[in-house]
Amino acid sequence: MAYGPISTCARRRPAELARLEATFLDLVARSVAAENTARSTRNGVITADIRKTGDRPAGRTDEASDLVRLAHAAITAHGFNPGFETSSTDANIPMSLGIPAIKIGSGGSGGRAHSLEEWIDVAPEPSVRGMAAGLATVLAVAGVA
């Protein structure tokens, strides 16, 4: 059975994210100028008010680290087939500060993440096994299991 992947790093490095942001902001500015040139501004000009609402800096946790190895073992022991992926999660902040962190899935299946059609199946059996795998990871990292 598949299991939500272990996320060990952000998609992009900080310099690449900064470059993409600068490119985007330049594109918005040029688009606003082009619209104001192409259309009448008698009733006012078009403007763009861009505000940063959050920041998830990039980081990485080594897949050979104890945290990742223990999570992989706990997830496997609960009958799931873990995999590794990169994504933007709450683990980005500690990873960007050099603190080992990961995000693991819930055990349930889902789709259309971060969209208006996002869904998750919370059938009891896989969800409880997923929670048990997460708890086993925490206990193993704490040295209890």
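Here, a residue counts as buried under 20% relative accessible area, exposed over 50% and partly exposed in between, with a 1.4 Å probe and protein chains only. The model is predicted, so local features need pLDDT of at least 70 and side-chain atom pairs pLDDT 80 or more, while totals for chains, interfaces and linings use all residues. Numbering runs from 1 along each chain as its sequence is written, and side-chain values use heavy atoms, with hydrogens and water left out.

Most residues other than glycine have a negative phi. Two exceptions turn up in one loop. His114, with phi near 60 degrees, belongs to the loop between E3 and E4 and is exposed, at a relative accessible area of 75%. Arg112 has phi near 55 degrees and lies in the loop from strand E3 (109–111) to strand E4 (119–121), strands being DSSP runs of E with at least two residues, numbered from the N terminus. Arg112 is exposed too, at 52%.

As for rings, the count of aromatic pairs is 0, where rings of Phe, Tyr and Trp (its six-membered ring) pair if their centres lie within 6.5 Å. Phe80 does have the charged end of Arg129 over its ring, 4.2 Å from the centre; the rule asks for CZ of Arg or NZ of Lys within 6 Å of the ring centre and within 35 degrees of the ring normal.

The second largest pocket holds about 350 Å³ of space. Its lining has 16 residues, with Leu17, Glu21, Lys52, Gly54 and Asp55 the closest to the centre. A pocket is an open set of points on a 1 Å grid over the protein atoms alone, where a 1.4 Å probe fits, with protein on both sides within 12 Å along at least five of seven lines; lining residues have an atom within 4 Å of a point.

Note on methods. Points joined across faces, edges and corners; volume = space filled by probe spheres on them. Phe/Tyr/Trp six-rings, centres within 6.5 Å; stacked < 30°, edge-to-face > 60°. Helix = DSSP H or I, 4+ residues; strand = E, 2+ residues; numbered from the N terminus.
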